[in-house]
Amino acid sequence: MRGEPVINVRNLTCAYGDFVVVRDISFEVNEGEVFVILGGSGCGKSTVLKHMIGLYEPAEGSVSIHGRRLTGAGERERNEILRSFGVMYQMGALFGSMSLMQNVMLPLEEFTDLPREAREMVAVAKLAMVGLDKFAYNLPSTLSGGMQKRAAIARAMALDPGILFLDEPSAGLDPVTSAELDELIRSLSRNLGITFVIVSHELASIYSIADRVIMLDKQTKGIVAEGDPRQLREGSASETVRSFFNREPAHHADDGHCPVPAEEGA
Amino acid sequence: MDGREGAPSFAEMVGRKTEAAYNDLVDSVAFAGEIVANLAQSVRHPGRLRWKDILLACVRVGVDSLPIIFLIGFLMGLILSFQSAVTLQRFGGEIFVPNMLGLVMFREMGPLVTCILLAARSGSAFAAEIGTMKVNEEVDALNTMGLSPTRFLVTPKILASILMAPLMTMFFNFAALVGGLIVMISLGYPLVTYTSRVFQNLQYTDFYGGLIKALVFSILVAGIGCLRGLQTRSGASAVGDSTTSAVVSGIILIAFADGIFAVAYYYLGI
């Protein structure tokens with residue numbers, strides 16, 4: 001399952017102005033694995049993801065994808081690196097004025113020389129992979145939240161990237177739809193060998209899909225745990241980690257980590 | 001403790017506002033440069049333009065704005081002519097109303113009012129559309145696809161505004177002249193006298209000068225609308241703030257540019 005590292009994050013410090021969100025974190029993501037960045041609300045999960053996909057420049061450190069340094073890359077190299085991965089945003093971020101078909105075809109129009117018929121065939125195939133080929137000509141606003149997220153995954157896969165970044169795929173979905181999305185992620189990982197980097201704090205989903213996780217902590221602004229989520233739940237020496245995985249209220253006086261609301265992931 | 005410790009002093013507030021204004025100026029200059037680069041690229045590679053988006057924006061900037069352009073133009077022509085005629089009638093000079101109306105509309109009021117209307121209508125719509133896309137992470141999605149939001153979202157809107165604003169100005173001028181005509185006919189002057197008077201001392205330079213103004217104003221209005229949209233932050237009121245800012249900034253820019261045009265045209269003898 002696990003191959004060579006395809007993403008290298010080295011000494012990454014993420015900050016908004018003077019406010020440091022995470023400090024000096026390093027980790028690798030291996031080819032073909034489902035890698036989850038988890039932690040309580042406000043610990044910087046999405047911020048780290050946005051630095052990994054090049055939306056923000058790190059205050060310090062670097063991100064490399066397939067051995068090519070994204071941080072500080074020139075425009076041409078940066079665009080080439082960007083095309084090597086796809087991103088699904090928390091709200092789907094589908095273009096509202098375009099049908100699902102047009103959304104998926106957009107990267108193909110911009111970055112390939114395929115004729116229109118071929119682009120349409122590819123787009124339909126991608127939508128079929130996520131079970132939405134029957135809705136190809138629907139506008140995103142006519143679909144449910146779960147369907148929009150699946151369509152966003154189809155668009156992210158348009159150029160056959162080896163890596164997909166997913167920001168909170170389960171957010172706002174009911175447990176059944178969330179489980180269906182988890183199944184889709186597992187299926188794509190198993191059948192296409194896609195590497196997934198997922199930001200989540202939904203424990204049920206994490207146990208279901210993750211090969212490996214890192215846990216970020218708001219107080220220490222760093223990584224407090226790394227490994228198999230099932231092992232971390234049972235055997236972590238850190239109270240912060242144990243209380244997160246066991247959904248227990250945090251003792252701020254002891255470790256000060258972000259508490260996980262009790263209703264999450266029952 | 002008492003909550004006052006964190007309150008910024010007057011000097012601090014002035015400093016922050018100045019810094020924000022400076023950053024806004026830097027962003028605007030950078031954005032203007034990006035637009036120029038994208039327009040130059042569009043001229044070199046017209047096939048890469050998203051023509052469908054341009055036509056859609058043309059409909060929104062042009063066709064959809066026509067009713068308000070006609071209405072305001074007609075009313076301005078009517079009111080301006082009526083007020084002038086009432087005053088000039090005392091000196092027996094109401095015959096000069098068409099001369100004044102043609103000159104004022106073609107040189108000054110036509111492009112100015114048309115583009116203020118476009119700022120209120122289209123500039124705010126651009127800011128709202130792009131702002132909503134920013135909040136919904138659609139702009140981020142474009143960025144991570146390696147697509148430039150400026151090329152994809154801004155350039156079609158700027159080009160549509162460049163194409164439509166001079167045309168809208170002509171419609172505005174026409175509507176104003178119709179308004180003036182009604183006043184003059186009601187004062188007993190025939191159509192032929194009115195039209196010959198309108199064009200008697202109107203030069204081609206007045207006509208082209210007005211259209212060039214409209215073109216420049218349209219770039220400012222569309223550009224600032226798109227920039228404010230791209231600057232939208234998160235939060236419930238963010239899109240509304242961007243929309244308001246787009247209109248206010250658009251009108252201020254038009255006023256500044258009009259002043260510059262007045263001086264430039266004076267020295268160029270236009």
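Read from the N terminus, chain B runs α-α-α-α-α-α-α-α-α. That makes nine helices and zero strands for this chain. The model described here is a predicted one.

Helix α2 (residues 51–61) of chain B packs against helix α6 (residues 149–186) of chain B, with the axes 8 Å apart and an angle of about 45 degrees between them. Angles under 35 degrees would count as roughly parallel, and 65 to 115 as roughly perpendicular; α2(B) and α6(B) are therefore oblique to each other. Their crossing is right-handed. On the side of α2(B), the contact is made by B:Asp53, B:Ile54, B:Ala57, B:Cys58 and B:Val61. Helix α6(B) brings B:Phe152, B:Pro156, B:Lys157, B:Leu159, B:Ala160, B:Ser161, B:Leu163, B:Met164 and B:Met168 to the contact. Sorted by class, the residues where α2(B) and α6(B) touch comprise eleven nonpolar, one polar and two charged.

Chain A also has helix pairs to look at. In one of them, helix α3 (residues 100–111) of chain A and helix α4 (residues 116–129) of chain A cross at roughly 120 degrees, and their axes come within 9 Å. Helices α3(A) and α4(A) are therefore oblique to each other, and the crossing is right-handed. From α3(A), the residues in contact are A:Leu100, A:Met101, A:Val104, A:Met105, A:Leu108 and A:Glu109. Those from α4(A) include A:Arg116, A:Arg119, A:Glu120, A:Val122 and A:Ala123, together with A:Val124, A:Lys126 and A:Leu127. This contact of α3(A) with α4(A) has nine nonpolar and five charged residues, and no polar ones.

Another pair in chain A is formed by helix α5 (residues 145–156) and helix α6 (residues 175–192), which pack at an angle of about 15 degrees with their axes 10 Å apart. With such an angle, α5(A) and α6(A) are therefore roughly parallel to each other. Here, too, the crossing of α5(A) and α6(A) is right-handed. Helix α5(A) contributes A:Gly146, A:Lys149, A:Arg150 and A:Ile153, which meet A:Thr177, A:Glu180, A:Leu181, A:Leu184 and A:Leu188 of α6(A). The contact of α5(A) with α6(A) holds four nonpolar, two polar and three charged residues.

Attention now turns to where the two chains meet. The size of an interface is often given as the accessible area lost when the parts come together. For chain B and chain A, this buried area is about 1500 Å², with 58% of it on carbon and sulfur atoms. The contact draws 17 residues from chain B and 23 residues from chain A. Three residues of chain B, namely B:Glu137, B:Thr144 and B:Met145, supply 39% of the area that chain B buries against chain A, more than any other three residues.

Charged side chains also pair up between the chains, with four salt bridges found across the interface of chain B and chain A. In one salt bridge, the side chains of A:Glu109 and B:Arg50 meet at 3.8 Å, N to O. A:Glu109 is also among the residues of α3(A) that touch α4(A).

Over all chains, a search of the whole structure finds 22 salt bridges. A salt bridge within chain A joins A:Glu33 and A:Arg212, whose closest N and O atoms are 2.8 Å apart. This pair links distant parts of the chain, with its partners 179 residues apart. A:Glu33 lies in the loop between β2 (19–30) and β3 (34–39) of chain A, whereas A:Arg212 belongs to strand β9 (residues 212–217) of chain A.

Definitions and conventions: Residues numbered from 1 in each chain as written. Chains lettered and ligands numbered in written order. Predicted model: local features only at pLDDT ≥ 70, side-chain atom pairs only at ≥ 80, totals over all residues. Heavy atoms only, no water. Axes fitted to C-alpha atoms, helices over the stretch in contact; angles between N-to-C directions. Helix = DSSP H or I, 4+ residues; strand = E, 2+ residues; numbered from the N terminus. Parallel < 35°, antiparallel > 145°, perpendicular 65-115°, else oblique. Left-handed = near helix turned anticlockwise from the far one by under 90°. Contact = heavy atoms within 4.5 Å. Nonpolar A, V, L, I, M, F, W, Y, C, P; charged D, E, K, R; others polar. Buried area = accessible area lost by both parts, 1.4 Å probe.
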